[in-house]
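Student: I would like to go through this structure with you, one point at a time. Please show it to me.

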Amino acid sequence: MNQGDMAAFLIAAALVGIGVTAIPLQASRADQPVAVIATAVPLNIRARKQIRIGELLYRGGVALRSSDRRFGGFSGLHVDPAGQGLIALSDRGHRINARILYDADGNLSGLSNSRMAALLGPNGQRLQGLNADSEALAYLPDGSALVAFERRHRIYLYPPSHVPLSGRPVLWSHPANLLEAPDNGGIESLAHVGGGLLLALSENLRASGGSLAGWIGRARNWEPLNYVHTPGYYPTDATLMPDGDVAVLERKYTVSTGFSVRVMVVPRRSISPGRAVKGQLVLHLTAPMTVDNFEGIAARRSRDGRRFLYLISDDNFNPLQRTLLMMFETP
């Protein structure tokens with residue numbers, strides 16, 4: 001969330017009193033178990049039996065809470081191909097990995113075996129303060145992972161490990177003009193889109209024609225593209241869909257209407273340097289739908305060919321917001 005919107009949100013709150021790689025679940029010494037309570041949430045709080053929205057089928061969602069002070073602020077979501085393991089990043093420099101639970105009908109129902117640990121920097125020390133704002137996550141085919149940070153704009157490459165993101169990273173190249181981005185408006189969307197290509201989108205670095213700055217990366221080299229976003233909405237994450245296109249999560253916040261989010265699908269063939277790319281709307285969540293500050297998206301295909309999207313929200317460690325995890329089946 002950009003600083004202006006967040007400030008407005010906090011003022012309003014005061015006035016009313018807001019890849020392709022499987023994820024191993026083994027623990028390391030730094031990992032600590034976290035007790036997480038899941039409460040089922042409907043798609044529509046005013047029509048609790050609604051399970052369809054557009055062409056998508058709601059396959060369950062939960063509000064997650066924990067007494068652990070590290071819990072919350074999640075973005076940069078990844079779900080393994082089997083739909084069993086989840087990993088997400090915290091904007092305070094922690095990672096959570098957990099097993100996803102489903103009910104007898106295959107609907108998402110909660111998490112188990114949740115563990116958290118601090119992300120390390122290249123010096124082997126835990127990230128803290130302005131260095132810890134991890135926002136975007138992209139797993140690479142070899143099991144390594146790229147993490148993009150705001151405040152101190154940069155990208156780290158974490159080596160393959162039995163425990164996700166537990167190793168000591170190395171600095172990865174970043175787009176030359178990334179340092180021009182606002183402190184809280186850098187890379188929030190990062191995805192491996194196949195063929196060795198990476199897609200990165202800024203949350204609030206302006207480009208020509210009202211677009212937002214984006215980049216295509218290959219072999220540590222970055223070339224610019226423009227992302228044509230929905231007016232008032234800003235990209236907060238991206239993921240490769242099973243059919244090869246790219247889903248971009250966009251979020252909007254106003255004091256009067258609260259949060260709303262869109263999922264836009266960008267054709268893979270349109271993603272190339274120098275182009276203006278634009279997605280097609282496939283999901284729009286706004287009140288009275290269950291919605292919050294969604295900042296993470298992941299996709300997978302099941303063994304029987306069904307395709308699923310997962311969304312996770314960043315509660316900003318604010319008691320008036322929630323950590324939501326939701327799943328949708330796509331056509």
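Student: How many helices and strands does the protein chain have?
Tutor: This is a predicted model, in which local features need pLDDT of at least 70, side-chain atom pairs count only at pLDDT 80 or more, and totals for chains, interfaces and linings use all residues. Residues are numbered from 1 along each chain as its sequence is written, and side-chain values use heavy atoms, with hydrogens and water left out. Helices (H or I, at least four residues) and strands (E, at least two) are DSSP runs, numbered from the N terminus. The protein chain has 1 helix and 24 strands.

Student: What is the radius of gyration of the protein chain?
Tutor: The radius is taken over C-alpha atoms, and the globule rule is 2.2 Å times the number of residues to the power 0.38. For 331 residues, a compact globule would have a value near 20 Å. The protein chain agrees with this, at 18 Å.

Student: What share of the residues in the protein chain is buried?
Tutor: Buried means under 20% relative accessible area, exposed over 50%, and partly exposed in between (1.4 Å probe, protein chains only). Of the 331 residues in the protein chain, the buried share is 57%.

Student: How many aromatic pairs are there in the whole structure?
Tutor: Rings of Phe, Tyr and Trp (its six-membered ring) pair if their centres lie within 6.5 Å; planes under 30 degrees apart count as stacked, over 60 as edge-to-face and the rest as tilted. A search of the whole structure gives a count of 5.

Student: Tyr58 and Phe328 form an aromatic pair; what is the angle between the planes?
Tutor: The pair of Tyr58 and Phe328 is tilted, with 5.4 Å centre to centre and 50° between the planes. Tyr58 lies in strand 4 (residues 56–65) and Phe328 in strand 24 (residues 323–330), so the pair ties together parts 270 residues apart in sequence. Tyr58 is buried at 8% relative accessible area, and Phe328 is buried at 0%. The angle asked for is 50°.

Student: Which residue forms an aromatic pair with Tyr253?
Tutor: The pair is tilted, at 4.8 Å centre to centre and 45° between the planes. Both partners are buried. The partner of Tyr253 is Phe259.

Student: Which residue lies over the face of Phe149?
Tutor: Ring pairs link Phe149, Tyr156 and Tyr158 into a cluster. A charge sits over a ring if NZ of Lys or CZ of Arg is within 6 Å of the ring centre and within 35 degrees of the ring normal. At 4.2 Å from the ring centre of Phe149, the residue is Arg154.
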